[in-house]
Amino acid sequence: MRLDGILFFPLTPFDAAGAVHEDVLARHVADGVARGAGAVFAACGTGEFHALDGAEHERVVRTAAAAAAGRVPVFAGAGGPLPHAVACARAAAGAGADGILLMPPYLVAAPEAGLVAYVREVAAATGLPIVVYQRDNARFTPAGAAELARIPTVTGFKDGLGDIELMQRIIPAVHAATDGRDGAAKDFTFFNGLPTAEVSAGAYAAVGARLYSSAAFCFVPEVALAFHRARAAGDDEHVRRLLTGFYLPLVRLRNEVPGYAVALVKAGARLRGLDAGGVRPPLADPHPEHLAELELLVSAGLEIAGEGR
């Protein structure tokens, strides 16, 4: 399954009672697809996968798939303890997902052979394409990534470590493992999964990972699309203005408090009129002074994005 364009990781809205707000989620996803998202990744990191129980996860995925209505692929998050990851992968298939983003197992540090076995067991539970997410305690060598790529349904690799040198070695190793010499060649996708990925998009593209996840698209799609179009058009000056005037200050604010990679995005969506509710513990909603900074950043970003029209 080929992916292209902005990869949209929708928030999971909660209502006043703390339950998943499916109607708001449906509007959020439908609006994102209408604005030009290339794919939807539901119940993943930005969607607070870590805070959803099994039934909620399935409802989020089902709602997102219905809202996307076949216009773009919908991937569902899975991960954590192996039985939970398997259950999420199976439920996602029944809920209409087109693929799985497989996040790290919970807490434990494991040898690479164990991580590969974890991916194999989830892959055995579903026929859906799987993108493996490298971050935190799920780290792969080039040889390990090549072994993952030989699993028939593993079709992508998302990096959240930020080790460009490692990615420079992983990408050719995977290409060599999937070049078709031992059978049919396989399309394989790499993408940048760092928080506020626009800041590192150029570095990842240089080593062959041109796709990236855009959390900003959740609350300032105008800015995210302006950045994406400017990069595609080679408009380096507009890219620079967006980075210096919006994305780099957002990163500085994001780094103020652990968990702001999600909490700020959700707060930004509320500022823009989405009834998304707050984040669930252990995340915490932003402090009032940080909300005021975020509001100024949103205004600045929208102004710079409009200058490139």
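How are α9 and α11 oriented to each other? They are roughly antiparallel (an angle over 145 degrees). This is a predicted model, in which local features need pLDDT of at least 70, side-chain atom pairs count only at pLDDT 80 or more, and totals for chains, interfaces and linings use all residues. Residues are numbered from 1 along each chain as its sequence is written, and side-chain values use heavy atoms, with hydrogens and water left out.

**Helix packing**
- Helix α9 (residues 236-254) packs on helix α11 (residues 288-307) at about 170°, with the axes 10 Å apart.
- Contact (heavy atoms within 4.5 Å) involves residues of α9 including R241, F246 and L250, and residues of α11 including E293, L297 and I304.
- By class, the contact of α9 with α11 has 11 nonpolar, 4 polar and 4 charged residues; Ala, Val, Leu, Ile, Met, Phe, Trp, Tyr, Cys and Pro count as nonpolar, Asp, Glu, Lys and Arg as charged, and the others, Gly among them, as polar.

**Largest pocket**
- The volume of the largest pocket is about 1,100 Å³; a pocket is an open set of points on a 1 Å grid where a 1.4 Å probe fits, with protein on both sides within 12 Å along at least five of seven lines.
- Its lining (residues with an atom within 4 Å of a point) comprises 42 residues, with G45, H50, R135, D136 and V262 nearest the centre.
- The lining divides into 24 nonpolar, 13 polar and 5 charged residues.
- α10 gives the most to the lining, 5 residues.

**T63**
- T63 belongs to helix α2 (residues 54-68).
- Beyond neighbours within four places in sequence, T63 contacts E22, L25 and A26.

Note on methods. Axes fitted to C-alpha atoms, helices over the stretch in contact; angles between N-to-C directions. Helix = DSSP H or I, 4+ residues; strand = E, 2+ residues; numbered from the N terminus. Parallel < 35°, antiparallel > 145°, perpendicular 65-115°, else oblique. Points joined across faces, edges and corners; volume = space filled by probe spheres on them.
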